[in-house]
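User: Please take me through this protein model feature by feature. I would like the general idea of each term, then the case at hand.

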Amino acid sequence: MGDGRWRTAGRWRATGSALVRVAVVWAVSTLTMLALAGLLPDFQLQSADGDSITRTALTAVWGAGAFGLLGALVWPVVVRALLLVPALVLGLLVFFLNGSLLLIALWLIPDGRGAADPETAVVVAAVMSAVASATSTALAVRDDDAYRRRLYRLADRRRPRAVAGGTAPGAGGGSEPVPGTLFLQLDGVGHRVLRDAVADGLMPTVADWLDSSHRLTPWRTDWSSQTGASQLGILHGSNEDVPAFRWYEKDTGRLMVSNRPASAVELQRRAIERTGDGGLLTVDGASRGNLFSGGADQLALVLSMAARRGRRNRSRAGYFTYFSDPANAVRTAVSFVAEAAREVFQSIRARLRKETPRVSRGGAYPFIRAFATVVERDVVVAAVIGDLLAGRTAVYADLVAYDEVAHHSGPHGHDTDRVLARLDRSLALIAKVAEHAPRPYRIVLLSDHGQSPGETFEGAYGLTLRDLVRAGCGLPVPRRVGRTRSGSEARDAARDALRSALHRPVDEDGGVVPDKAGPVVLASGNLGLISFPGVPHRMTREEIERRHPALLHTLANHPGIGFLLVASAEHGSVVLGRDGAEVPVAELADDGPLAVFGRGAADTVRRTDGFPHVADIMVNSMYDPATGTVHAFEEQIGSHGGLGGEQSHPFLLSPVEFSAPVEAGAELVGAEQVHRVLRRWLRECVGPQVPLEISLPTSDAEAFLPVKGAAGPDKND
């Protein structure tokens, strides 16, 4: 009976506290509306003949109440409808929609005393939402229950649930909740970048962890140092047959691109088929902002989810839980616009200072950057907060802000320093919220790859890799390419070789008349892939030299190229370098053509050579160990995807409560080994019991996929 009275009294206190907060927020919103009516000439709360102060105040009370009620009731419905709208457009529509709600609220005021121009309504609505949000947050600062309820609401976790995993014996003979594990991926942040950021005071949260509770371990990626390969290996335990970020598959005629939904779901399906289990997060897990699900049941902004059919499976569902709060929508929209403006300013500053290297940062890029650094960050962080407060056993989230900015601004500099500082603040917020969670959490910070700086291949030599390949094949190229030294030499070599070896006709411009349209040339950072779609199998060196006698020589001896990998009928496969260097893959070591690329380069090349979908010619750019630079084959001055420099050296920051990732003196190599380490740590927490070895038929493995039926093709394939 006493417990019942205590619970009843507690509910009454909570209800009373909530009513007080509502009244205070309503009063502050009313005062804000009155102040704005006095400051803005196009915003009125009086009739044309004028009203008394009391009447005007009552009008403001009515308007503020109607606006708040509409925000609570109508806004979630509007945002759900907008899940069909592209995410970038959604951020820009927030202001318009919030202003529309204010106009409706003013229309609801009796006797038509409220009026505002549409442009003014947008401003008033934004200010009122921001003030209401700040007031509500300030009132909840000293109220842990209110704070927790607000965070639950942000991530659609209105009711706490039972903590999965049970309890463990406590030190005093009792029991305590089993720890959960939070994996936070800082996309593209290399080991050196993290160390420098900590040393420079940019990341005090990470510095505090290093000083008190965590250990820092570098690890080495596979040849394909990019998110598609690394995250597939980390989350699903296998990145076999992922030779690059994008590649051409001859057997299906399909262009695979890691960040396209249909490609992502196909890669996930193959990994599940190969390993026999659903992934790292199969039991009570959550996947946030990732390319792949990891087998998690709770998904938000997961790319492979975008291929799902049905209303409840839409890929943008993660946005709804965040933007259903109009205050969040306004705050994120304001930050979105500010970030886009910051990018424009930084781009103009770089041009005025004539900074080099430099790439184009115009067009839609400022909005793409703002989406990655603001919208994606806010939505993912809110989802993670909800997961922590819901007590989920394992959560894996990816924050992509640094990677996006570093591609266009370079991995080192003022632009990326600011991004790292903001990411650290997000880490601090998440760590603070974890203190309120129903179970203790062990936070693991890691990255999937680094980034290497350097001028683009085109910027350095005046032509793209595709131009060089076509010139080396004797195919037509733009006139500007023929005027470059590399292009001219390649065309001359191809023309001479084909005239003497094949006696094929030459066109009026000096180009050899081709039999077909030419090879498929793809770029993945500083890794290039060349495939000949007219030949159904992987071409050998001998076949390529019969068809295009000058191509391999042209590529291998170009100063912007480090080495080639090509199959050989005589040697199995060979690595070709400058000045006639040639090493069979079976005899490959970390010297010769691969000497500058460091320890382990030979093993990564040898592994990729065994992939079924490796390209006919794999091209890795040059790498200068003195400057740490590479040449990306796409428009990026901070790149990753191949071998060379910081891109191959991400980090793993783990709590000391976990066992060491590797034994002393050993090296952590490859995303698949990282997966095994993370899985071991989950078992140490008595977390998800992911099977080590299961053999599932294809039909059962597909049950772990986020789609029903076959995934459709990607657009623009």
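User: Which elements do the buried residues of α8 pack against?

Analyst: This is a predicted model, in which local features need pLDDT of at least 70, side-chain atom pairs count only at pLDDT 80 or more, and totals for chains, interfaces and linings use all residues. Residues are numbered from 1 along each chain as its sequence is written, and side-chain values use heavy atoms, with hydrogens and water left out. Element names come from DSSP runs numbered from the N terminus: helices are H or I of at least four residues, strands are E of at least two. Buried means under 20% relative accessible area, exposed means over 50%, and partly exposed lies in between, with a 1.4 Å probe and protein chains only. A contact is a pair of heavy atoms within 4.5 Å. In helix α8 (residues 204-212), the buried residues are Thr205, Val206, Ala207 and Trp209. They pack against α7, β6, α15, β12 and β23.

User: How is strand β6 joined to β23?

Analyst: Strands of a sheet pair through backbone hydrogen bonds, either parallel or antiparallel. Two strands count as paired if DSSP finds at least two bridges between them. Strand β6 (residues 214-220) and strand β23 (residues 651-655) run antiparallel and are joined by five bridges. One of the positions to look at is His214, whose bridge partner in β23 is Pro655.

User: What is the strand order in the open sheet of eight strands?

Analyst: The order is β10-β9-β11-β5-β12-β23-β6-β24, with mixed pairing. Its edge strands, β10 (298-300) and β24 (668-669), each pair on one side only. Angles here run from 0 to 180 degrees between N-to-C directions, and axes are lines fitted to C-alpha atoms, for helices over the stretch in contact. Helix α9 (residues 227-236) touches β5 (180-186), β6, β11 (394-399) and β12 (441-446), and its direction makes about 175 degrees with that of β11. Helix α15 (residues 414-434) touches β5, β11 and β12, and makes about 175 degrees with the direction of β5.

User: At what angle do α13 and α14 pack?

Analyst: Two packed helices are described by the angle between their axes and the distance between the axes. For helix α13 (residues 365-390) and helix α14 (residues 401-409), the angle is about 150 degrees and the axes are 8 Å apart. Angles under 35 degrees count as roughly parallel, over 145 as roughly antiparallel, 65 to 115 as roughly perpendicular and the rest as oblique. α13 and α14 are therefore roughly antiparallel to each other. Tyr365, Ile368, Arg369, Ala372 and Thr373 of α13 meet Ala401, Glu404, Val405, His408 and Ser409 of α14.

User: Which strands make up the open sheet of six strands?

Analyst: The order is β14-β15-β19-β16-β17-β18, with antiparallel pairing. At the edges, β14 (520-524) and β18 each pair on one side only. From one strand to the next, the twist averages 20 degrees. Helix α17 (residues 465-472) lies across β14, β15 and β16, at about 150 degrees to β14. Helix α22 (residues 601-609) lies across β16, β17 and β19 (617-621), at about 40 degrees to β16.

User: How many residues of β17 are buried?

Analyst: Four of the five residues of strand β17 (residues 572-576) are buried. Strand β16 (residues 561-568) is joined to β17 by five bridges, and a hairpin of three residues links the two. On the β18 side, three bridges join β17 to strand β18 (residues 582-584). Leu576 can be followed through both pairings: Leu564 has Leu576 as its bridge partner in β17, and the partner of Leu576 in β18 is Glu582.

User: Where does Asp579 lie, and is Asp579 buried or exposed?

Analyst: Asp579 lies in the loop between β17 and β18. Asp579 has a positive phi of about 60 degrees although it is not a glycine. With 73% relative accessibility, Asp579 counts as exposed. Asp241, in the loop between α9 and β7 (246-249), also has a positive phi, near 60 degrees. Asp241, however, is buried, with a relative accessible area of 6%.
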